[in-house]
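I opened this entry to record what I looked up in the structure. I wanted the overall layout, then the sheet, then the core.

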Amino acid sequence: MEPDGGPHRAAEHRRKRRNVDWLKVRDMVDSLPGQDVYVGIMDQSMRTHIRNGRIAYIDPSRYDVWTVKHQAKQAHLFMRLK
């Protein structure tokens with residue numbers, strides 16, 4: 001094993017960056033009704049997942065969700081309470 005953790009450490013770091021605390025996101029958006037809330041840079045498909053109800057903590061009928069292209073398949077994700 002490499003002293004700095006080598007590739008295992010890099011893979012762990014990438015994995016942690018993908019974790020999103022959707023309860024916190026939901027609570028933040030709920031606390032700012034009518035305001036646009038920037039969630040972060042994510043895969044473009046995350047907007048579709050939210051709109052289709054695939055995120056258990058987010059009721060798609062309560063939120064407007066949109067993205068602004070960042071690069072390749074990544075996008076800036078925004079949400080707003082309807």
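**Layout**

I counted three helices and three strands in the protein. The model is a predicted one. Reading from the N terminus, I noted the order of elements as α-α-β-α-β-β.

I then checked burial and surface. Buried residues account for 24% of the 82 residues.

**Sheet**

In what order do the three strands lie in the sheet? I found β1-β3-β2, in an open sheet with antiparallel pairing. I noted an average twist of 25 degrees from one strand to the next.

For the pairing of β2 with β3 (residues 74-81), I found eight bridges, with the two strands running antiparallel. Within this pairing I picked out Val68, whose bridge partner in β3 is His76. I next looked at what packs on the sheet, and found helix α2 (residues 22-31), which touches β1, β2 and β3. The direction of α2 makes about 50 degrees with that of β3.

**Gly40**

I looked up Gly40 and placed this residue in strand β1 (residues 37-43). Is Gly40 buried or exposed? Gly40 has 10% relative accessibility, and the cut-off for buried is under 20%, so I logged Gly40 as buried. Leaving aside neighbours within four places in sequence, I found Gly40 in contact with Ala75, His76 and Leu77. I also checked Gly40 against Thr67, which is 27 residues away along the chain; their C-alpha atoms are separated by 9.7 Å.

**Core**

Which residues have the most contacts inside the largest nonpolar core? I noted Trp22, Ile50, Leu77 and Met79, in a core of 15 residues. Each of α2, β1, α3 (46-51), β2 and β3 supplies at least two residues of this core. As background, I wrote down that nonpolar side chains tend to be buried together in soluble globular proteins.

Definitions and conventions. Residues numbered from 1 in each chain as written. Predicted model: local features only at pLDDT ≥ 70, side-chain atom pairs only at ≥ 80, totals over all residues. Heavy atoms only, no water. Helix = DSSP H or I, 4+ residues; strand = E, 2+ residues; numbered from the N terminus. Buried < 20%, exposed > 50% of the residue type's maximum accessible area, 1.4 Å probe, protein only. Contact = heavy atoms within 4.5 Å. Pairing = 2+ DSSP bridges. Axes fitted to C-alpha atoms, helices over the stretch in contact; angles between N-to-C directions. Core = buried A, V, L, I, M, F, W, Y, C linked by side-chain atoms within 4.5 Å.
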